[in-house]
Amino acid sequence: MKLKVLHIICITCLCAFNLNAQKQTSGVNWITFEQLYDSIQNKPKKVFIDFYADWCMPCRKMDKEVFPAPAISKILNEDYYAVKMNVESADTIRFGNQIFVNERLNRRNPVHQIALLMARRKNRPFSLPAMVILDENFEAKARYFQFLNTDQLLDILQSN
C-alpha cells in the first residue's frame, strides 16, 4: 500500500515537472506575482501580465502561437517582467504587505482577486484573454481583452 502511494506521488511530481517544463519552453521567462514584487523592488521595469484559464481557447492559442515567437519572447524577457496567472488559481498570493485570494473558489467562474483588481472593465464582466501592461512605476498603461496575434502584440509591446 505504501509503495502504491509513493508511486502515485512520484507520477504526480513528474507530471507537474513536465507541465512546468512545457510552460518554460515558450521562450518567455514567466514569473509569479511573488517574484514580481521582489524584482520590481530591486530593479523597476515594465510589467506584462497575462491572465488565462485552462478552458480559454484564445489563451491557449496565444500560448501556442504568439508567446513562443522569438520577437515576442525577446522583448518580454529584455524589457518587461512577464507574469502569467491562471485566474482560477486557488493560491493565496502575497504581494508586498497585501494578501490576495480567490474568494469565488467554490462558485461558478472563480476569478482570483488579483485578476479582478487588475483586469476589470467598468460595467462589463471579466473576460479572457486579459493582458495588462504596467509601467516602471507599476501604473496600468494598457489593458487588452482579446486574442492578439504576434504582429499585434509586438506592436503593443514596442509602443509601451
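These are my notebook entries on a predicted model of one protein chain.

**Entry 1: ground rules**

I number residues from 1 along each chain as its sequence is written.

**Entry 2: the chain overall**

I looked up the secondary structure and found six helices and seven strands (DSSP runs, H or I of at least four residues for helices, E of at least two for strands, numbered from the N terminus). From the N terminus the order is α-β-α-β-α-α-β-β-β-α-β-β-α. Of the 160 residues, 39% are buried (under 20% relative accessible area; exposed is over 50%, partly exposed in between, with a 1.4 Å probe and protein chains only). The chain exposes about 10,100 Å², and carbon and sulfur atoms supply 53% of that area (Shrake-Rupley method, 1.4 Å probe; for residues, only the protein chains shown count as cover). I also looked at contacts (heavy atoms within 4.5 Å): among those between residues at least 6 apart in sequence, 62% join residues at least 24 apart.

**Entry 3: the sheet**

I traced an open sheet of five strands in the order β1-β3-β2-β6-β7, with mixed pairing (two strands pair if DSSP finds at least two bridges between them).

I then went through the pairs. β1 (residues 30-31) runs parallel to β3 and is joined to it by two bridges, with I31 partnered by V83. β2 and β3 are also parallel, over seven bridges, and here F51 stands opposite M85. β2 and β6 are antiparallel over five bridges; D50 stands opposite M131 in that pair.

How many residues of β3 are buried? I count seven of its seven. Y80, A82, K84 and N86 point one way from the strand, and Y81, V83 and M85 point the other way.

**Entry 4: nonpolar cores**

I looked for nonpolar cores (sets of buried Ala, Val, Leu, Ile, Met, Phe, Trp, Tyr and Cys residues joined through side-chain atoms within 4.5 Å). The largest has 28 residues, and those with the most contacts inside it are F33, L36, V47, I49, F51, I114 and L128. Two or more residues each come from α2 (33-42), β2 (46-52), β3 (80-86), β4 (93-95), α5 (113-118) and β6 (130-134). β2 gives the most, with four.

I listed the contacts of F51 beyond four places in sequence; among them are F33, C59, M85, I114, M118, L128 and V132. A second, separate core of 20 residues includes V28, I75, I133 and L154.

Which residues of α4 (residues 70-79) are buried? I find I72, S73, I75 and L76. They cover an arc of only 165 degrees around the axis, which puts them on the same side of α4 (the arc is that of the directions from the helix axis to the C-beta atoms). Their cover includes β2, α3 (57-66), β3 and α6 (150-159).

V66 lies in α3 and is buried at 1% relative accessibility. Beyond four places in sequence, V66 touches K61, I72, F147, L148, N149, T150 and L153. I also checked V66 against Q152: the two are 86 residues apart along the chain, and their C-alpha atoms are separated by 9.7 Å.

**Entry 5: the disulfide**

I found one disulfide (a pair of cysteine sulfur atoms within 2.5 Å). C56 is joined to C59, with S to S at 2.3 Å. Both C56 and C59 are buried. The torsion about their S-S bond is about 75 degrees, so the disulfide is right-handed.

I checked the loop between α5 and β6, where P129 is found. The peptide bond from L128 to P129 is cis, with omega near -5 degrees. N123 is found in the loop between α5 and β6 too; this non-glycine residue has a positive phi of about 60 degrees and is exposed, at 74% relative accessible area.

In the loop between β6 and β7 I noted F138. F138 is another non-glycine residue with positive phi, near 65 degrees, and is partly exposed at 29% relative accessibility.

Conventions: Predicted model: local features only at pLDDT ≥ 70, side-chain atom pairs only at ≥ 80, totals over all residues. Heavy atoms only, no water.
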